[in-house]
Amino acid sequence: MAAEGQLRLSVPVAGLRVEIGDWEEDGDGRGFRIPAGFRMLNGLVDLYPVDGWTILRNGTGVVHALPTEGAGYMSIESGNPDQAGLLVTRDELGVRREEWRRLESQDGDHEADAPVRSRRGVQPTHDWDAARLEACRLFYFEGVPESQAVLIRHMQAWFASKGLKVPDDSTLKRRLRDVWAMFGPEAKKRAA
């Protein structure tokens with residue numbers, strides 16, 4: 001969306017000095033600037049779509065001008081001839097609240113038009129992502145259990161404590177095989 005100019009990105013600034021003015025054309029149709037003065041900007045300022053996209057893609061970029069209302073210009077004055085423009089990193093980019101609301105309203109329009117689809121096939125009876133996360137939590141905070149059987153018992157107790165259907169031993173062994181293969185050797189080292 002940023003690349004196509006459908007998303008207006010902004011960056012926070014404090015005390016950013018900009019030159020403002022208008023564009024004029026000479027007799028040959030070439031444009032030139034007519035400065036009107038300087039301004040100090042504070043808060044969020046919008047970026048040109050190409051600048052926002054470049055910073056998103058590259059992680060950083062130097063912004064030399066900011067968009068204006070009408071045919072004027074707003075040029076960033078750094079005060080340092082060796083470092084022209086404003087250095088912006090990807091982490092500094094943001095979206096104004098008004099822009100966020102505009103996107104949400106557009107997204108809501110698309111959702112209203114989209115047909116409701118039901119999920120086909122057998123619905124899962126266990127949350128295996130949450131179970132794997134619990135196994136990792138156990139390993140990290142309480143240490144690797146002394147055997148795979150202890151891990152299986154812990155996981156069955158975890159499912160039961162959540163009020164979920166408790167899987168059988170063979171299903172848990174199969175689902176947690178790769179997790180145990182990675183962390184199980186640690187239990188063997190401690191036992192030796």
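Is R137 buried, exposed or partly exposed? R137 turns out to be partly exposed, with a relative accessible area of 30% (buried means under 20%, exposed over 50%, partly exposed in between, using a 1.4 Å probe and protein chains only). The model is predicted, so local features need pLDDT of at least 70 and side-chain atom pairs count only at pLDDT 80 or more, while totals for chains, interfaces and linings use all residues. Residues are numbered from 1 along each chain as its sequence is written, and side-chain values use heavy atoms, leaving out hydrogens and water.

Side chains of opposite charge can pair when their charged atoms come close. Seven salt bridges are found in the structure (a side-chain nitrogen of Lys or Arg within 4 Å of a carboxyl oxygen of Asp or Glu). R137 forms one with E134, where the closest N and O atoms are 2.9 Å apart, and another with E142, at 3.2 Å. E134 is buried at 9% relative accessibility, whereas E142 is exposed at 52%. Elsewhere, R30 pairs with D28, with closest N and O atoms 3.1 Å apart, and salt bridges link R8, D46 and R96 in a network.

In soluble globular proteins, nonpolar side chains tend to be buried together.
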